[in-house]
Amino acid sequence: MNEQILILDFGSQYTQVIARRIRECNVYSTIVRHDIPAAEIDALAPSGLILSGGPASVYAEDAPLPDPGIFKLGLPILGVCYGVQLFAQFLGGKVEPGLKREYGKGTLRVTSPACQLFQKLPGAFQVWNSHGDRLTRLPRGFVAVAKTENSEYAAIEDAQRRFCGLQFHPEVAHTPRGKGIIRNFVHRICGCGRTWTMRRYADEAIDAIRAQVGSERVILGLSGGVDSSVAAALLHRAIGDQLTCIFVNNGLLRAREAEVVREVFGRNFRMKLDYVDASAQFLTRLKGVVDPERKRKIIGRTFIEVFQGATRRAGQARFLAQGTLYPDVIESVPIGGNPAATIKSHHNVGGLPRKMKFQLVEPLKCLFKDEVRRLGKELGLPEEIVLRQPFPGPGLAVRILGEVTRQRLELLRKADSIVIEEMKRTGWYHRIWQSFAVLLPVRSVGVMGDERTYDFTIAIRAVESQDGMTADWVRLPHPLLERLAGRIINEVKGVNRCVFDITSKPPGTIEWE
Ligand code: XMP
């Protein structure tokens, strides 16, 4: 994979989105620290650089700054937002605090139609702004190529050095033509071809896996989720029977989950699959446990034990494969209160067996989730697997408040199946991040027919999110909510009330625990 664009991360919440947009143009891109030395960039030989946005002001004392040498590498550079201020700072322009923060939609008018950035785009279109400081004098060698109501310098360019800057964010959905700008930058200005495809990635990853593991054996913990499933399919294609997948049934799975995994991986793909039914062990240990953190600890510890037992049975394996994704490995520096990097460590259940003495194989670690799904399709995995919503490692235990029992699990499985079925039937399932049922084992009074009931409540949760860090509840249509509640109350014995969770994250979390 030789052609690539490097994105220097100055702390914008959108940095990963830029990387994804570039990859959608079939050009590989990686995110690097903002202060990466110019010599290191030179050694990587990228086709171009992007300076991301960021929350700081270039004049702030602790402003994150790049190595000034990056402007002398002869590479095309696109500065986005804060990136534009950096041009001004290093190449002789002027930035001043704006009187008010320019935030929200604006209309961009292209004043220099010959500019490569705007080829095949309309003369005016909507853009998304989010910046405080503004450029008041152009850096040397630059000219303005587009303006908005509030800014003469909404887009600037030094065509000779192939430097361009955008005050607005081309990567977000609120700039609907933004992808066209990014496409023009990578193909026209940086001269990249369309070399990044999942088919090509699969071929190269397979070669890399073979080179790494040789004739050794590899073990993989298969959860049935997208990441471990795609990793399994890729490894299986690379090394066949040298791979053993271990699937632990912890008794906390959704309906039919274990069957689907056995059917797809065992029967269809004919992988060596060690199916370990440890549900009794998990449920016994969870007996009487109410505290959410204790539940998690018990589940985590039991999983390690069971998994270790299975790895011993699988014989001498030198490697452990994991479906680690790119967002887990980006080396980010928290800048200006962007705490994203620190929140999620507790979710990485995949990291559990680290103390075992394996070498890691992580064939997905430069991919984003949507790329993993495309790769999965390329490798022949069914949609039921590759288009799955995320499901937490501790399973339904985090969706049953209070004690986890067999009866409660049964009840939640039924309600959850109804939610999945209806969400799929109406097309909502694939449009959103997650949708599921939560069991609140608190009794309330109801009437059904002529009878008084005294039963549990199901909460329905549906959230929209990019990465699980923040989330908003989904405004599901009332007829769908009505059908969900109607079916759950009618079909799930033991439930007489349904509520819909309208909490966003923060302040709520996605799971109730
Ligand atoms: P919360 O509840 O923290 O969840 O807002 C954020 C996202 O992470 C998922 N989640 C987990 N995933 N192991 C996982 O693999 C876990 O222990 C775990 N806990 C929460 C959750 O479903 C949501 O998508």
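Visitor: How many of the ten residues of α3 are buried?
Guide: Happy to start there, and bear in mind that this is a predicted model. Helix α3 spans residues 82-91, and Y82, G83, V84, Q85, L86, F87, A88 and L91 in it are buried. The helix is thus mostly covered, and the number of its residues that are buried is eight.

Visitor: Is F90 buried, exposed or partly exposed, and what is its relative accessibility?
Guide: F90 belongs to helix α3. F90 falls in between, so F90 counts as partly exposed, at 26%.

Visitor: What are the centre distance and plane angle of the rings of Y28 and W196, and what kind of pair do they form?
Guide: This is one of the 15 aromatic pairs in the structure. The ring centres are 4.6 Å apart and the planes meet at 40 degrees. Planes under 30 degrees apart would count as stacked and over 60 as edge-to-face, so the pair of Y28 and W196 is tilted.

Visitor: How many residues apart in sequence are the parts that Y28 and W196 tie together?
Guide: Y28 sits in strand β2, residues 28-33, while W196 sits in the loop between α4 and α5. Y28 is buried at a relative accessible area of 10%, and W196 is buried at 1%. The parts tied together by this pair are apart in sequence by 168 residues.

Visitor: Which residues do ring pairs link into a cluster with F71?
Guide: Begin with F71 and F90, a tilted pair at 5.5 Å centre to centre and 35 degrees between the planes. At 10% relative accessibility, F71 counts as buried. Ring pairs link F71 into a cluster with F87, F90, F142 and F163.

Visitor: At roughly what angle do α8 and α9 cross, and how are they oriented to each other?
Guide: Helix α8 covers residues 279-286 and helix α9 covers residues 292-313, and their axes come within 10 Å. The crossing angle is roughly 150 degrees. Angles over 145 degrees count as roughly antiparallel, so α8 and α9 are roughly antiparallel.

Visitor: Is the crossing of α8 and α9 left-handed or right-handed?
Guide: On the α8 side the contact uses Q281, F282, R285 and L286. These meet K295, I298, I299, T302, F303, E305 and V306 in α9. By class, the contact has six nonpolar, two polar and three charged residues. The crossing itself is right-handed.

Visitor: How are α5 and α12 oriented to each other?
Guide: Their axes lie 9 Å apart, and they pack at an angle of about 80 degrees. Angles from 65 to 115 degrees fall in a single class, so α5 and α12 are roughly perpendicular.

Visitor: How many charged residues does the contact of α5 with α12 have?
Guide: From α5 come M198, R199, Y201 and A202, and from α12 come E371, R374, L375 and E378. By class, the contact has no polar residues and four nonpolar ones, and its charged residues number four.

Visitor: What is the relative accessible area of A462?
Guide: A462 is placed in strand β16, residues 451-464. Not counting residues up to four places away in sequence, A462 touches I432, Q434, S435, D472, W473, V474, L476 and F500. A462 is buried, with a relative accessible area of 0%.

Visitor: Which residue does a cis peptide bond join to K505?
Guide: Check the segment after β18. The bond at K505 has omega of about -15 degrees, and its partner is P506.

Visitor: What phi does R162 have, although it is not a glycine?
Guide: R162 is found in the loop between β8 and β9, and R162 is partly exposed at 34%. The phi of R162 is positive, at about 60 degrees.

Technical notes:
Residues numbered from 1 in each chain as written. Predicted model: local features only at pLDDT ≥ 70, side-chain atom pairs only at ≥ 80, totals over all residues. Heavy atoms only, no water. Axes fitted to C-alpha atoms, helices over the stretch in contact; angles between N-to-C directions. Helix = DSSP H or I, 4+ residues; strand = E, 2+ residues; numbered from the N terminus. Parallel < 35°, antiparallel > 145°, perpendicular 65-115°, else oblique. Left-handed = near helix turned anticlockwise from the far one by under 90°. Contact = heavy atoms within 4.5 Å. Nonpolar A, V, L, I, M, F, W, Y, C, P; charged D, E, K, R; others polar. Phe/Tyr/Trp six-rings, centres within 6.5 Å; stacked < 30°, edge-to-face > 60°. Buried < 20%, exposed > 50% of the residue type's maximum accessible area, 1.4 Å probe, protein only.
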